[in-house]
Amino acid sequence: MAPRLDFSDWWAKDTRKGTPVVVKMENPNYSVVEVEGPDSAFRPVDKSRGKNAKQVTWVLLLKAHRAVGCLTWLATVFWSLLGTIKNRLSFTHPLASEKLGRDRWLFSAIKLFLAVSLLILGFEVVAYIRGWHYFKNPNLHIPTTTLEIQSLLHLVYVGWLSIRADYIAPPIKALSKFCIALFLIQSVDRLVLCLGCFWIKYKKIKPRFDEEPFSNDNAEGCGYVYPMVLVQIPMCNEREVYEQSISAVCQLDWPKDRILVQVLDDSNDESIQQLIKAEVAKWSQKGVNIIYRHRLVRTGYKAGNLKSAMSCDYVEAYEFVAIFDADFQPNPDFLKLTVPHFKDNPELGLVQARWTFVNKDENLLTRLQNINLCFHFEVEQQVSGVFLNFFGFNGTAGVWRIKALEESGGWLERTTVEDMDIAVRAHLHGWKFIYLNDVKVLCEVPESYEAYKKQQHRWHSGPMQLFRLCLGAIFTSKIATWKKANLILLFFLLRKLILPFYSFTLFCIILPLTMFVPEAELPVWVICYIPVFMSFLNLLPSPKSFPFIVPYLLFENTMSVTKFNAMVSGLFQLGSSYEWIVTKKAGRSAESDLYSINEKETSNEKSQLLRGVSDSEILELEEQKQTKKPVKKTNKIYHKELALAFLLLTAAVRSLLAAQGVHFYFLLFQGVTFLLVGLDLIGEQMS
């Protein structure tokens, strides 16, 4: 057995000088206290024992050091944030500010509210300093006699109090009640949609079809042969994403003789046209039935492009048409999961698949967009598809029965939402729709605020244009009365008009005004509890986004400015309501897929890809792909958002004087959000 070496005993033997001491007391709380050698220093020390000045000094120095370190860290973070803001704003071009144009009316109204708010805030600050404090209690006695008036400024302030109580507060109260009523109605609608979604999940309701509805063998004449499918890819100057879309569509698992791919190129850039032609030639040499079409007269935007493609003579041989935008990548089994639903269902006109986003985690802006779109697909469209057999066509990732398109009037160029237009007209003609939540098509969302804002403007101005145009047709149609009511009250008014109206009016105009008119103050549940609950419902389809509930709520209120402006512009045909701007794409969904495709291609195949293109054109195209010009990124300044930021921050100062906790924090954070968006500090910079 190894010998035991206890160095502590040896050390204690030489250094221990004292002996154990036993202390006995007449009425002890404890019997024995034993004081030993060096190890006694590691025993718990009595807390009542006093500290000398040296110990206190060291403790204070340690705490001071920690405090200085924390302040240094905060200062470093704040300085880095300021540096980032400075770097982004340094790329702001004087001509890159927002073009107001004929939409200047909203900016002028916001500036007027801001000027009046600053003037009233000056009065309130003077009143606070001089101790008048009338704004703390709306029911406080207002001086009326000359003896109670202290000065000329006091007279003006008292006059403002009288005008505020008698003339300004009543209309604000009435408008507040109206907006709150709309808010509650829309909240009930959202709650019902969520309950419907839960019921679908609980009952596992989803469209189904036979295992193998089609067969290549038609010898017995049983009618199970694969139907003829036309696939259309409309695009316009899509340099970043054209290749991924064409390659994905050309790999669809469908008999080669039963499918035709139309690449509908509306590009006005000749270099992009040549790239797309080369890509079409590549897949044509691989045996894919694909053609390239380019219009000489580019009218009607996407609707004109699709209308021109459907006018071709060979389209008569096809029964269905699938549409994919330039950034969409369907899986190879897309047609086998969608087209079979049409079999034995002659009333079915549309099968819509769900979108999924490759860049949803790219930045804060894409995360917030993912929350909105997940609720739209998972809840709104799925519930409408199951219980109503109707929803708005998304313009892509869907399959139409060509007969339904023709009977509904085809593609029309009268609005910027041709997809919703054809869906409403098909619904009025009695066609049914199916939404497939399990069939997902990869795409991307805008990564810059400028691109997202333009997209949202088109998505909210177009429905109002369509509402004006088709209201008469809805009343005169032969569909059931409850379907007409659903179209007018829910589909158009509640979800396309009322939502942006009350969101902007209630949280961006009325709320800051009530800070200067306390008689019309909004209750806490309107600005806090109900919005948080509604945001919670919106996040249910994307549970991983719950940490972003507060930024989502603030950003949605910020986007209400764009949506309200677009809604009014479309309803009254103001500003750029008929303007179509192609959403800028980053092409991130192409990187991994194109890499895997290139890995599969052999050198022999590469030599045969562009057999129909000359050597000089091949060299030129390869140079265009390899040489990337340095891209300069710039920021834009958004005037309406900045004006609202200062309005909300002014109202926050006013609420701080009145010691209103919840109102102050909401206005402060909402104002800061408007400021960040107005300076284009969210999302990627525009190139």
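Start by selecting strand 4 (residues 320-323) and strand 6 (residues 398-401): four bridges join the two, and they run antiparallel. Strands (E, at least two residues) and helices (H or I, at least four) are DSSP runs, numbered from the N terminus. Within this pair, find phenylalanine 320, which stands opposite arginine 401 in strand 6.

A word on the model: it is predicted, with local features needing pLDDT of at least 70 and side-chain atom pairs counting only at pLDDT 80 or more, while totals for chains, interfaces and linings use all residues. Residues are numbered from 1 along each chain as its sequence is written, and side-chain values use heavy atoms, leaving out hydrogens and water.

Now widen the selection to the open sheet of seven strands, ordered 3-2-1-4-6-5-7 with mixed pairing. Its edge strands, strand 3 (290-294) and strand 7 (432-443), each pair on one side only; pairing takes at least two DSSP bridges between two strands.

Angles run from 0 to 180 degrees between N-to-C directions, and axes are lines fitted to C-alpha atoms, for helices over the stretch in contact.

Finally, select helix 9 (residues 364-387) and helix 15 (residues 549-572), which pack at about 85° with axes 11 Å apart. That makes helix 9 roughly perpendicular (65 to 115 degrees) to helix 15. Show Leu365, Leu368, Ile371 and Asn372 of helix 9 with Pro551, Tyr552, Phe555, Glu556 and Lys563 of helix 15: these make the contact, meaning heavy atoms within 4.5 Å.

Methods: Parallel < 35°, antiparallel > 145°, perpendicular 65-115°, else oblique.
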